[in-house]
Amino acid sequence: MESPPTHRFDAPACVQHGAGVRAQLPERVREFGGTRVLLVTDPGIVKLGVAGEAVAALERAGIAVAVFDGVQPDPTDANVAQGFEALRAHRADLVVALGGGSPIDVAKVVAIRAANPEPLPAFMGLHKIAHPGLPVIAMPTTAGTGSEVTKVAVITDVGRRVKMMMLSARLLPRAALVDYELSLGMPKPLTAAVGVDTLTHGIEAYVSRKANALTDPLALQCIELTARHLRQAWAEPSNREAREGMMLAATLGGLAFSNSSVALVHGMSRPLGTLLHLPHGLSNAVLLPAVTRYSIPAASERYAAVARTVRCAAPETSAPAACAALVEWLEALNRTLEIPRLSECARQPWSRVEPELLKMAQDALASGSPAQNPRLPTPEEIAQLYREAW
Ligand SMILES: NC(=O)c1ccc[n+]([C@@H]2O[C@H](COP(=O)([O-])OP(=O)(O)OC[C@H]3O[C@@H](n4cnc5c(N)ncnc54)[C@H](O)[C@@H]3O)[C@@H](O)[C@H]2O)c1
Ligand SMILES: [Fe+2]
């Protein structure tokens, strides 16, 4: 007899959330044994003044800080190498990540490199990191990837044009300080793209073949908060209630998908990042409606529950009607948030993309995420879905 499936749930030792929790950074650094900190961030965050504020707070507490602010969006292996040089030069014993998913992912990989000298591709895949690295404390500024609470990092191997997905409990931040005030300044296109990324985390975690009793409530709460707050966060960037709702949704989505999994949307978004250079959130957003329509027949009760959670279907609505309403709701959401279609953001004619379709489909499948989708796609079906999203 086959034994029943078991599940593992990983989360940071400490997650603090609410307005102003960023002020707790020096205390958390001390709690996790830090005396010399490397702060990993990007030029945009430095410009906002948020990095300077964190450095000043740490220095006031007598903690020696060096800043690595060279992370680029959808970060590369070179970013990790430069960050690791900065870590060594400063002889840091703890890493603080400040920014969106890109600085947080670089910080995680820089921290494990302190104890794992192998070339980066050795860490690709599941549980490939042998030794614990330095502790990481993550403070997200987008809402967002949820990377502050996940055991995942995504780094682009520029030479091979591959987004390396690394999943290992060694990558988990020790603490996350989730302060929605850091997201108040996000411009509309960023709010839209990272917000639909959050929604995709919730939906994919919930319909995934790895969904389980601990991830389901987190995924549904992520979806509910996103439906309630994303439009308002986009329309009124300084609306504190909406920003708080989205920041919490992002953290819940991270906990859900990293302990369940993402699925076909994330798999198919990977080649859009490497080939068309679309940012992660946008590449998911342009695919979500078409992939949902395709996947519904294999998990209609689950998608109907998503529809009821976003309130585009009443509790008594039948599953087929609720699922149809969900696809329409997702399309309308993209239109409201002014998310362009794939053809508008690709900056390439279809004639250049079409010959790559099968390679893109193979790259999507190679990510492993489509294997967790409720409906398992062939390469030809994936190519057809890119066509539909175009
Ligand atoms: N590790 C995970 O669990 C996980 C999950 C999903 C995505 N990701 C990865 O995260 C990356 C994307 O991260 P992201 O979408 O958060 O964006 P990002 O970190 O790439 O940031 C995008 C841009 O937004 C700016 N920015 C960030 N916060 C801002 C703020 N509050 N106000 C104004 N500007 C701000 C940054 O300076 C940057 O220029 C991708 O590489 C993706 O693969 C990781
Ligand atoms: Fe994502």
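User: Before we start, how are residues classed as nonpolar, charged or polar here?

Analyst: Happy to set that out: Ala, Val, Leu, Ile, Met, Phe, Trp, Tyr, Cys and Pro count as nonpolar. Asp, Glu, Lys and Arg count as charged, and the others, Gly among them, as polar. This is a predicted model, where local features need pLDDT of at least 70, side-chain atom pairs count only at pLDDT 80 or more, and totals for chains, interfaces and linings use all residues. Residues are numbered from 1 along each chain as its sequence is written, while chains are lettered from A and ligands numbered from 1 in the order in which they are written.

User: Thanks! How many nonpolar, polar and charged residues has the shell around ligand 1?

Analyst: A residue is near the ligand if its C-beta atom, placed from the backbone, lies within 6 Å of it. There are 32 residues around ligand 1, and Gly44, Gly100, Gly101, Ser102 and Thr145 come nearest. By class, the shell has 12 nonpolar, 17 polar and three charged residues.

User: Which helix gives the most to that shell?

Analyst: Helices (H or I, at least four residues) and strands (E, at least two) are DSSP runs, numbered from the N terminus. Among the elements that each supply at least two shell residues are strand 7, helix 2 (43-48) and helix 10 (280-295). The most, four residues, comes from helix 5.

User: And how far apart do the C-alpha centres of domain 1 and domain 2 lie?

Analyst: An automatic or database assignment sets the bounds, giving domain 1 (14-183) and domain 2 (188-389). Each domain contributes at least three residues to the shell around ligand 1. Their C-alpha centres are separated by 26 Å.
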